[in-house]
Protein chains: 2
Amino acid sequence: MTPKVAQFLDTHQPATPCLVLDLDQVEANYRSLRHVLPLATIYYAVKANPAPQILGRLTGLGSSFDAAGIEEIEQCLAAGATPAAISFGNTIKKASAIARAHALGVDLFAFDSEEELRKLAAHAPGARVYCRLMVVNDGAEWPLSKKFGTSVGQARLLMPLAAELGLRPWGLSFHVGSQQTDPLAYAKAVGEAAMLFTDLTRSGLDLRFLNLGGGFPTRYRADVPAPEAFADAIMKAMTDHFGNDLPDMAIEPGRSMVGNAGVVSSEVVLVSKRNPDPEAPRWVYLDIGRFGGLAETEGEAIRYRLTTPHDGQATGPVVLAGPTCDGADILYERSGYQLPLALRDGDRVAIETAGAYVTTYAAQSFNGFAPLAEYYI
Amino acid sequence: MTPKVAQFLDTHQPATPCLVLDLDQVEANYRSLRHVLPLATIYYAVKANPAPQILGRLTGLGSSFDAAGIEEIEQCLAAGATPAAISFGNTIKKASAIARAHALGVDLFAFDSEEELRKLAAHAPGARVYCRLMVVNDGAEWPLSKKFGTSVGQARLLMPLAAELGLRPWGLSFHVGSQQTDPLAYAKAVGEAAMLFTDLTRSGLDLRFLNLGGGFPTRYRADVPAPEAFADAIMKAMTDHFGNDLPDMAIEPGRSMVGNAGVVSSEVVLVSKRNPDPEAPRWVYLDIGRFGGLAETEGEAIRYRLTTPHDGQATGPVVLAGPTCDGADILYERSGYQLPLALRDGDRVAIETAGAYVTTYAAQSFNGFAPLAEYYI
C-alpha cells in the first residue's frame, strides 16, 4: 500500500470493510502509461472504479473514458468530462441508452453484431462506430469468454453496412482479456486487426481508429511485466503492420489505473480449526467476501496479496472465506494461502492492490451486510 | 406466476429489471409447510428475501426467524418479531454482533467451532447455543461446501464445553444444502444427528432442540417432490430415532417460502447472431444478469424457467447473458435453453419463481446499473 494509505489506516482506523484509495497513485499510473504509450489516447475503463474523485482527477489530466452504460456516461459528464472524450464501449446497449447518450453528445459507439448496428443507426444516426473483434484471451487471468466480439469475416461485412446505414465506420477494437500478463497477446491481436483494417481502408472505408482495449495487469501475488514491456510489444506490432501511417490508437486501462492505488481493509471475524487433524488448514473468515466486493476471487481467478499485523511470524495453511451464510462465499481454498498462526478474530487484514472492481461490485445487502465504505484520499 | 403478479405486470408495466412478489403466496407457502410439519417451528431464513413486507406478513402468522447477521435481526425486530422468535443462525459472527444481538434479547445462537463458542460465552453469557454438524449435501443444487459445520466427534466435545463456559447447550443443527431435491437427505441427516443427540442427553446434557435447517426446494424448470414427501421422510426418521420423545424441531425454509411468490421482469437488450453458422445459438442479452440479482445462476446451478410474449412459437437454442461488460456475466451456456425465434430487443422476459435470493444479492452499481426495483403486492 502507498504511504498515504498506510497513514490513513493508522490514523483513522476506519470501520471495516472499507476501501482506501490514493488518488495520487492513480495520477502516477496515468502519467506512467501516457509516458510509455504517448501515441495512444487513454480511455479509462470507468467500470473499474467510477468514484467521482477518480473521474475528476483523470478529467483534469486530460483522460478520455470508456463507459459500460448510460449511468457511467452521466457520471463522467458530472465529473467534467466532455462528450467527445467518452466512448460507449459496451456492445450490449438498450435503445433508450443509445438515444440518451447520443442526445448528450456522445458520438463514439462499439458494436459487434448486425442487430446492434441497426439499433445504433436508428438511435444515434451519423455516429462514429467501431467493430469489436473476438481475439484469443490466452494469458489473461480474467478472460472475457465468447460474450463479446465478432469474427474478422463478419466484421468485413458489418463495416460497409455501417456506412450504408448512415453511420461513420470509424475503426476496430479488441480485448485481450483482463489481467493479461503476456505482452505478445497484444501483438498478435494487433496483427489480426491490422490486416482487416488495411483491407477495409483499401476497399474505400475511411477508418481512423484502432482500440486496443484494456487488460493491462497490476501486481497481485506474482510479478507482472512492466508497462514498458506492453508498450514495446504494442508499438512494434503497430509499426510492423501500419508503418508510418498509424491510425489513432486507443487503450482502455481500468485495473492498471486504479488497482495498486487502493487497499481493502478488513477484519478477521473468526479463525476456526474445525478439523482436529494437525495438517488440516485453519478456516479464516473475513468481514468481506465474494459478494461483499471481492467478486473477482470467483474461481480463485484474482489472487490478492494479504498483509496482517503478525507478518514475519510463523505461518500455516488457511482457507479464506467471507462472512455470509452462503457456501459459495469462499475466497481461496486451492491457491496455497498461508497466514500467521497468531492470527485472531478482531485482527485487521489488508487486501492489497484492491482498487479495481470492488466497490460497485459489492452486493447491496447480501445477508444484510452493507457494502464496503470508500475513502478517496 | 400468480394471477396477482400477472395482473400487476400487465397493468403497471413497471420499468425493468424488477421483482414483483405476491405476499399471499408467501402466506400460502407458510400455511402449507405448517400443515405438513405441524410439530416443527418455522424459522424463516431471512436472507432469502428480507423485505419488510415479507417479515411483517410472516410475523403476523406467528413465524420465527433465522438471521444471518445483526442487520437481519434488527429488520425482524422492526417488523414486529419478538427476540424470542429469532435464531442467530450464522456460525461466523463478529463479537460486536453477538453482543448487540444479546443486548436486544436474542438468546439462541449457532456455532460450529471452539473459537466461536468462546466468543459466545464472552459476549452472550448464558445464551442457548446449538452446534451445527457437517452433513453430506448430495442432491442439493446449491450445496454448502465445507464452510460450515463440524464433525460428530468434535461436536461431542464442544457441547459439554458450552456448559462449562456458562452457556446452555440447547441442541444440534445441520443443513442438507439449498434446493435439496432428495427427501432422504433429511432422513439420513436426522439419523446422524439423533445418535449424537441421544448420546449427549444420556451423558447428562439437557438438550431440547433439533434444527433441520432449510434446503426445501422450489420448482424451477424441473418438478421437485411435494412438501409432503419431505415431511413424511423427516417425521419417519424422527420417530424411528426418537420414538415418542421428540425434541423441539426447527426448520429454516427460505427458498420454499418465497421462491414461487416472485417473478423478475426483465427486458431483452439484444439478440445477436454473431456466428453465421445456422446451428450456432443466438446470444440473448437481458437487462439483468449474474451481478444484477441472478447470483444463483453461477455455474448454472439454479436454472430459472423463462416466459416470453412469443411462447408457443418456433424456438431455437440460445445462450443467455447479462448486460454488463463482464465476460463472467453469462447465465446459461450449457443448460440447453431454447427461446422463440421471434424474440427481439425490447421484449419482456419473465424469470419465473425468482422470489428468493435476488434482491439483496444484486450488486449496488455493477457497470453503473442500479439494482432491480422491488414490488410487494
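How many residues does the contact take from chain A and from chain B? It takes 54 from chain A and 55 from chain B, where two residues are in contact if their C-beta atoms, placed from the backbone, lie within 7 Å.

A note for all the views: this is a predicted model, in which local features need pLDDT of at least 70, side-chain atom pairs count only at pLDDT 80 or more, and totals for chains, interfaces and linings use all residues. Residues are numbered from 1 along each chain as its sequence is written, while chains are lettered from A and ligands numbered from 1 in the order in which they are written.

**View 1. The side of chain A that touches chain B.** The elements that give two or more residues to this side are α4 (70-78), α6 (114-123) and β12 (262-272) of chain A. Helices (H or I, at least four residues) and strands (E, at least two) are DSSP runs, numbered from the N terminus. β12(A) gives the largest share, with 4 residues. Sorted by class, the residues of this side come out as 23 nonpolar, 16 polar and 15 charged. Here Ala, Val, Leu, Ile, Met, Phe, Trp, Tyr, Cys and Pro count as nonpolar, Asp, Glu, Lys and Arg as charged, and the others, Gly among them, as polar.

**View 2. Strand β11(A) and its partners.** β11 (residues 248-251) of chain A runs parallel to β2 (residues 40-45) of chain A, joined by 3 bridges; strands pair if DSSP finds at least two bridges between them. From β10(A), the chain crosses through helix α9 (residues 227-242) of chain A to β11(A) in a right-handed β-α-β crossover. Right-handed means that, with the strands pointing away from the viewer, the path from the first strand over the helix to the second runs clockwise.

**View 3. Helix α2(A) against α9(A).** α2 (residues 23-36) of chain A packs on α9(A) at about 30°, with the axes 9 Å apart. Axes are lines fitted to C-alpha atoms, for helices over the stretch in contact, and angles run from 0 to 180 degrees between N-to-C directions. S32(A), L33(A) and V36(A) of α2(A) meet P227(A), E228(A) and A231(A) of α9(A). That contact has 4 nonpolar, 1 polar and 1 charged residues.

**View 4. The loop between α1 and β1.** In chain A, P17(A) sits in the loop between α1 (3-12) and β1 (18-21), and the peptide bond from T16(A) to P17(A) is cis, with omega near -5°. Q13(A) is in the loop between α1 and β1 of chain A too, and has a positive phi of about 40° although it is not a glycine.
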